[in-house]
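Here are my notes on this model. Keep the structure open as you read, and find each residue as it comes up.

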Amino acid sequence: MFKKIALLTILIATLALSAFAPLTTASAAAPVTTTAWGETPTLPTEVGDAIQTQATAIAQQATAIVAASQQIQAYAAQIQAAESNPTITSWAANIIALAAQTEQDAAAIVVTANDINTRIDNSEDTTLALSDDIGEMADRIGEMADRILWTELQIGVMADRIVESEYLISDSSLNLAQMIATNNNLLATNGNSIQVEVEAIRDLLP
């Protein structure tokens, strides 16, 4: 009788261990990485370096936009001063206002991109909290780049109208309008490049 009870006890114990075995195996196959108490999660150093590379490129491209915007304003001001047709001078005034807005946006992009580099330089590690800040700054840069590209389209429309009115304007104003169009292409090229760099930063962040 006692032998039967002992065998029954062993059988029940064996079945219980078999039931819990799969749970133990599954737990071991998917370990959870934890951070030590008080330790701040960080991104790999190469991620910070790559982000800085993109931010530096953005600052350079935005600087080129600032220069092109200033040239556009100068050319449009010359057209405005040289022509008496109110329609032509109105288009020139619109170009000046649009290019001034682009210059402001591009200058703000330069500051923001440099801020990204400074924040990373001043941090021993690229923390996850810092990466959130970088993500927000990249979003702001993206918004300003979108506005620059929209403004570039409006400047292009105005410049085309002036060129198409060649019979109403002097040859020098026509040449200035063509130079506006050339510099406007620089706004588009660099604005699109900034968007590419912003997407690259977003891809690098967790």
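1. Contact here means heavy atoms within 4.5 Å. With that in hand, look at serine 69. Leaving out residues up to four places away in sequence, serine 69 touches Ala99, Thr102, Glu103 and Leu187. Bear in mind that this is a predicted model.

2. Now the overall layout. The protein chain holds 5 helices and 2 strands. Read from the N terminus, the order is α-β-α-α-β-α-α. The chain has 206 residues, and buried ones make up 38% of them. Take the contacts between residues at least 6 apart in sequence: 84% of these join residues at least 24 apart.

3. Next, the largest nonpolar core. This core has 47 residues. Which of them touch the most other members? They are Ile134, Ile180 and Ile194. Four helices each supply at least two residues of this core: helix 2 (45–82), helix 3 (86–121), helix 4 (128–164) and helix 5 (171–204). Helix 2 gives the most, with 13 residues. As background, nonpolar side chains tend to be buried together in soluble globular proteins.

4. Pick out isoleucine 194. Not counting residues up to four places away in sequence, isoleucine 194 touches Ile58, Gln61, Ala62, Ile65, Ile109, Ile141 and Ala145.

5. How do helix 2 and helix 5 pack? The angle is about 160°, and the axes are 8 Å apart. Angles over 145 degrees count as roughly antiparallel, so helix 2 is roughly antiparallel to helix 5. The crossing of these two helices is left-handed.

6. Back to serine 69, which lies in helix 2. Is serine 69 buried or exposed? Buried means under 20% relative accessible area. Serine 69 has 1%, so serine 69 counts as buried. A polar atom of the serine 69 side chain lies 2.8 Å from the backbone oxygen of isoleucine 65.

7. One of the residues that serine 69 touches is Thr102. Where does threonine 102 lie? Threonine 102 is in helix 3. Its relative accessible area is 0%, so threonine 102 is buried. Setting aside neighbours within four places in sequence, threonine 102 is in contact with Ile65, Ser69, Ile148, Thr151 and Leu187.

How values were computed:
Residues are numbered from 1 along each chain as its sequence is written. This is a predicted model: local features need pLDDT of at least 70, side-chain atom pairs count only at pLDDT 80 or more; totals for chains, interfaces and linings use all residues. Side-chain values use heavy atoms; hydrogens and water are left out. A nonpolar core is a set of buried Ala, Val, Leu, Ile, Met, Phe, Trp, Tyr and Cys residues joined through side-chain atoms within 4.5 Å. Buried means under 20% relative accessible area, exposed over 50%, partly exposed in between (1.4 Å probe, protein chains only). A polar contact is a pair of N or O atoms within 3.5 Å; within protein, one must be able to donate a hydrogen and the other to accept it, and residues adjacent in sequence count only if both atoms are side-chain atoms. Axes are lines fitted to C-alpha atoms, for helices over the stretch in contact, and angles run from 0 to 180 degrees between N-to-C directions. Angles under 35 degrees count as roughly parallel, over 145 as roughly antiparallel, 65 to 115 as roughly perpendicular and the rest as oblique. A crossing is left-handed if the near helix is turned anticlockwise from the far one by less than a right angle, and right-handed if clockwise.
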